[in-house]
Amino acid sequence: MKILENISEYYDELFPVSLAQREFYENLATLFKNPVKYLRLCCGTGEFEQKLSQEGADVTGIETITDLLESANRRRRTQLMALRFFNMKNDELSRFLGKGFYNIISILDGRILFVGNESEIKKLIFDCKTLLSDFGRLVISVPDFEFFDKNPNFVFSRESIRVKFFERIKKNSDGSFFLEQKIETGNGDVRVVTDCPVCALSRECFFECAKDAGFSSVEFKNGFDDKSQNTLLAVLS
């Protein structure tokens with residue numbers, strides 16, 4: 001995830017917490033008793049987790065990129081906040097976190113694509129299931145590979161006053177996918193990462209992973225607002 005290390009300074013600008021995201025989780029939280037217990041894998045700088053904690057939730061964030069984790073920990077204003085961030089690898093989750101404890105677990109912004117191959121992703125989803133409470137939800141957002149397969153020249157962009165960030169998913173001749181990312185800063189600096197392999201999580205793959213992990217259903221949306229043509233949001237329950 002070298003590219004994310006390069007944009008740590010701009011992370012909050014490029015990955016803001018949208019109103020649609022907040023409303024989605026507000027609705028999801030009504031299914032559980034307060035305080036709702038959240039776990040976010042690959043939490044970035046923890047901006048959203050801080051907001052949830054300020055609203056009375058019990059929140060845990062996991063991040064392995066040092067710069068992002070340091071930014072997240074700076075958000076803990078007092079030791080009394082029900083907010084904590086850890087540097088923890090995916091294969092350590094079931095060893096160190098409480099089984100059956102969390103109501104809502106999230107893996108957002110396509111970060112699950114960098115976990116590894118399909119088997120490793122299935123193992124992660126299985127481990128998340130063991131950490132969820134009864135009727136808990138696992139929320140995963142990824143690029144919609146069906147869209148990118150049909151629109152190979154589409155480039156997804158994010159930008160702020162200081163930086164522009166571009167992503168493009170390409171398909172190899174063997175049917176595999178890889179990610180190309182580019183950063184352009186205001187001073188003219190350009191950084192590119194190409195040929196980064198990613199695991200294409202299709203709807204069919206989500207159904208298979210959910211079944212193997214013991215989930216009973218999968219609901220799909222086109223992003224948090226259900227209007228995004230290139231983002232797939234999967235809710236496993």
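Welcome to a predicted model, in which local features need pLDDT of at least 70 and side-chain atom pairs count only at pLDDT 80 or more, while totals for chains, interfaces and linings use all residues. Residues are numbered from 1 along each chain as its sequence is written, and side-chain values use heavy atoms, leaving out hydrogens and water.

**The largest pocket**

- A pocket here is an open set of points on a 1 Å grid over the protein atoms alone, where a 1.4 Å probe fits, with protein on both sides within 12 Å along at least five of seven lines; lining residues have an atom within 4 Å of a point.
- The volume of the largest pocket is about 820 Å³, counted as the space filled by probe spheres set on the points, which are joined across faces, edges and corners.
- Elements giving two or more residues to the lining include helix H3 (19-29), helix H4 (47-54) and strand E7 (163-171); helices (H or I, at least four residues) and strands (E, at least two) are DSSP runs, numbered from the N terminus.
- Asp-109 sits in the loop between E4 and H7, and its phi is near 60°, a positive value in a residue other than glycine.
- Asp-109 is partly exposed, with a relative accessible area of 35%; buried means under 20%, exposed over 50% and partly exposed in between (1.4 Å probe, protein chains only).

**Strand E11 and its partners**

- Strand E11 (residues 231-236) has five of its six residues buried, so the rest of the structure largely encloses it.
- Strand E5 (residues 132-143) runs antiparallel to E11 and is joined to it by six bridges; two strands pair if DSSP finds at least two bridges between them.
- Thr-231 in E11 is the bridge partner of Pro-143.
- Four bridges join E11 to strand E10 (residues 218-221), also antiparallel, with Val-218 opposite Leu-236.
- Phe-135, found in strand E5, counts as exposed at 71% relative accessibility.

**The nonpolar core**

- The largest nonpolar core has 40 residues, and Leu-236 is among those that touch the most other members; such a core is a set of buried Ala, Val, Leu, Ile, Met, Phe, Trp, Tyr and Cys residues joined through side-chain atoms within 4.5 Å.
- Beyond its neighbours within four places in sequence, Leu-236 is in contact (heavy atoms within 4.5 Å) with residues including Ile-125, Leu-138 and Phe-206.
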